[in-house]
Each structure stands twice: as C-alpha cells, then as structure tokens.
Amino acid sequence: MRTLLRGVLAVGLLVPAMVASQEPQRDIYADPQNLQVLPKEISSRELSETMKGFALGLGVRCETCHMGVAGKPLTTFDFASDANPMKQKARVMIKMLDDINENYVGSLDDDSSEDHHLEVRCVTCHRGQAHPELIEDVMEEQLAHGGVDAAVSKYAELRERYYGSHTFDFSEMTLPMYAQGLAQQGNTEAALALLDINAGHFPESYYTRFLLGEVHAIAGNREQSLASFEKAIELNPRAAGFLQQRIETVKKKLPE
Ligand code: HEC
Ligand code: HEC
C-alpha cells in the first residue's frame with residue numbers, strides 16, 4: 001500500500017514536554033503484541049509518535065484508551081490489553097482515517113501530485129477533544145437538559161478553559177448564527193441570553209446589536225429592541241437607513 005496509513009502515523013511530530021514527561025525508563029513501544037490495524041513492523045519511534053499524536057489530538061491521556069492507572073508509571077500499564085472499549089473505538093477510527101486518506105482525499109490526485117494533498121488526521125476532526133463537538137452542539141445539549149442558565153454558565157466555562165485553543169470557535173459570529181436559529185424556532189429567551197453574552201465579549205459587534213434588536217422585537221420588548229437598533233446604528237452608521245426602517249416598523253408593531 002503506497003499510502004499506508006498516512007495521516008495516522010504521526011512521524012516527525014515534536015512532542016511537547018507535557019506528554020514527554022510521561023516517558024518511562026523501559027521502551028514500552030519496543031515489542032507490540034496486539035497490533036490489529038497499525039502495521040506490525042512499525043518502529044518503536046513511529047508507534048510512540050502515533051500514540052502521542054492520538055493523545056494530543058483528542059486532548060486525552062494514555063489511560064483513556066488503555067488499561068492503567070492515571071499517575072502511575074507507564075511501565076505498569078497493560079497496553080496490549082483490549083479491555084478498554086475506547087481502544088476498540090480508536091481502531092475503528094484508524095481504519096476510517098486510512099480509508100479517507102487512501103480512497104477519498106487520495107483519489108483527488110489528477111497526476112503525480114500526491115505530495116500536495118493534505119492528509120486528514122485525528123486532530124482534523126477532534127481538535128483536542130475526545131467527543132468532537134462544536135459549541136453549537138454543546139449549547140443544544142445544555143438547553144435541552146439544563147435550560148438557559150445551564151447553557152450560559154457552560155459557555156463561560158468552555159471559554160475560560162479553551163479560549164485561544166482550536167477546540168471551540170469563540171469568534172464573533174458563532175453565537176449570533178446559532179441564536180438566530182433559536183429565535184426562528186421560537187426560543188427567544190435562549191437567543192437573547194446568548195446574544196447578551198456575545199455583546200459582552202464583542203462590544204463593537206454591529207451584527208450582535210442588530211440581532212438583539214430583531215429578537216427583542218419578536219419577544220415583544222419594545223424599548224430593548226429600539227435601544228439595540230440605536231446602538232447598531234452607532235456601531236455601523238452606513239447601515240443607518242436600513243436600521244431606521246427597522247425602528248419604524250418596531251414602533252408601529254409594538255406601540256407604547
Ligand atoms: C485514542 C486512543 C488511544 C490513546 C489516547 C493511546 N492509545 Fe495506544 N493504542 C491505541 C490503539 C487503538 C492501539 C492498537 C492499535 C492496533 O490494533 O493496531 C494502541 C496500541 C498501543 C501500544 C501497543 C500495544 C501492544 O502490545 O500491541 C502501545 C505500547 C501503546 N498503544 C501505548 C500508548 C501510550 C504510551 C499512550 C499515551 C501516550 C497511548 N498509547 C495512547 C489507542 C490509543
Ligand atoms: C472525520 C472526522 C474524524 C476523524 C478524522 C477522527 N475522528 Fe474520532 N470521532 C469522530 C466523531 C464525530 C466521533 C463521535 C462519534 C459519536 O460518539 O457520536 C468520534 C469518536 C471517537 C472516539 C470515541 C470517543 C468517545 O468518547 O466515545 C475515539 C476514541 C476516537 N474518535 C478516536 C479517534 C482517533 C484515534 C482518530 C485518528 C486515528 C480519530 N478519532 C479520527 C470523528 C473523527
């Protein structure tokens with residue numbers, strides 16, 4: 001297989017101290033006993049870098065997939081064991097990745113430009129989390145099970161923990177786009193709460209103020225709607241004509 005497990009074998013990866021500090025005395029990668037999907041002739045170094053790539057890509061540690069106790073030396077782990085169900089899930093993923101790179105991404109080749117293709121890797125989807133969710137997925141789940149307050153505090157918690165990493169997108173448009181959908185489904189309470197968070201993080205965001213104006217209007221909050229549109233005009237004077245029309249419409253629809 002020419003493109004054997006490309007993307008999976010993370011050879012050449014620089015290993016940060018965080019992972020390297022787990023390095024044991026004996027070479028635990030030297031003599032693998034139970035490789036079912038990785039190439040059996042894999043070198044100790046390749047296996048080591050592949051495993052560290054998995055751990056970093058998913059933001060987990062060895063014990064997430066292997067049998068061993070957190071904090072204990074890795075020499076005490078039973079890496080050959082299949083008793084941890086996460087290991088089997090990871091095998092499914094390795095095969096999937098190989099298929100994607102070999103038969104899908106790889107098949108885009110028009111000539112011999114193989115080297116120019118990007119490879120899909122674990123981190124391409126996982127971005128430092130075991131369950132590769134988007135912020136919208138997390139909010140959806142929180143709203144369904146904990147309500148608006150739970151969603152608001154979860155957002156703060158995630159932002160505190162992950163801001164600056166690639167795991168979640170905390171940029172200006174994420175919450176507005178999601179809130180728009182919520183408002184369309186009739187959940188104006190949640191939409192307003194998330195837009196308020198966004199207005200706090202992005203005080204210069206015209207679009208957030210504009211949406212606040214729209215959603216407050218749907219919710220029947222005349223004064224807040226008008227104030228939000230006014231603020232939007234301040235932030236983006238070029239849209240003043242359009243926003244003024246929205247203000248007139250709201251004034252008619254929601255009389256004092
Ligand atoms: C996301 C899950 C996952 C993580 C995290 C992970 N591994 Fe693995 N590991 C696997 C899978 C799956 C295999 C078996 C691959 C196969 O069947 O070809 C494996 C195999 C191994 C083997 C070979 C065992 C044998 O005898 O066959 C060693 C050694 C190993 N891992 C060490 C580590 C170390 C050390 C870490 C932490 C730095 C780690 N792994 C993190 C999934 C993981
Ligand atoms: C194309 C996107 C994609 C790639 C690439 C990918 N994964 Fe996944 N992976 C997912 C998705 C989506 C899920 C969640 C499935 C679910 O549980 O609903 C998942 C789930 C998992 C799980 C189970 C997590 C849990 O909490 O149950 C493991 C382990 C895992 N992936 C390991 C890997 C490893 C190791 C690689 C690289 C060899 C990899 N994944 C590459 C998309 C991907």
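Helix α5 (residues 135-145) buries Ile 135, Val 138, Met 139, Gln 142 and Leu 143. These residues span an arc of only 130° around the axis, so they lie on the same side of α5. The arc is taken from the directions from the helix axis to the C-beta atoms. Buried means under 20% relative accessible area, exposed over 50% and partly exposed in between, with a 1.4 Å probe and protein chains only. Helices are DSSP runs of H or I, at least four residues long, numbered from the N terminus.

This is a predicted model: local features need pLDDT of at least 70, side-chain atom pairs count only at pLDDT 80 or more, and totals for chains, interfaces and linings use all residues. Residues are numbered from 1 along each chain as its sequence is written, and side-chain values use heavy atoms, without hydrogens and water.

The buried residues of α5 pack against α6, α7 and α8 (188-201); contact means heavy atoms within 4.5 Å. Ala 144 and His 145 are exposed on the face turned away from the buried side. Gly 147 follows α5 with a positive phi, near 90°.

Now the rings. The structure holds nine aromatic pairs. Rings of Phe, Tyr and Trp (its six-membered ring) pair if their centres lie within 6.5 Å; planes under 30 degrees apart are stacked, over 60 edge-to-face, the rest tilted. Two of the pairs:

| Pair | Centres | Planes | Class |
|---|---|---|---|
| Tyr 155 and Phe 170 | 5.7 Å | 80° | edge-to-face |
| Tyr 162 and Phe 168 | 5.2 Å | 80° | edge-to-face |

Tyr 155 sits in α6 (residues 148-162), and Phe 170 in the loop between α6 and α7 (174-184), 15 residues apart. Tyr 155 is buried at 2% relative accessibility, Phe 170 at 6%. Tyr 162 and Phe 168 are both buried. Ring pairs join Tyr 155, Tyr 162, Tyr 163, Phe 168 and Phe 170 into a cluster.

Methods: Chains lettered and ligands numbered in written order. Helix = DSSP H or I, 4+ residues; strand = E, 2+ residues; numbered from the N terminus.
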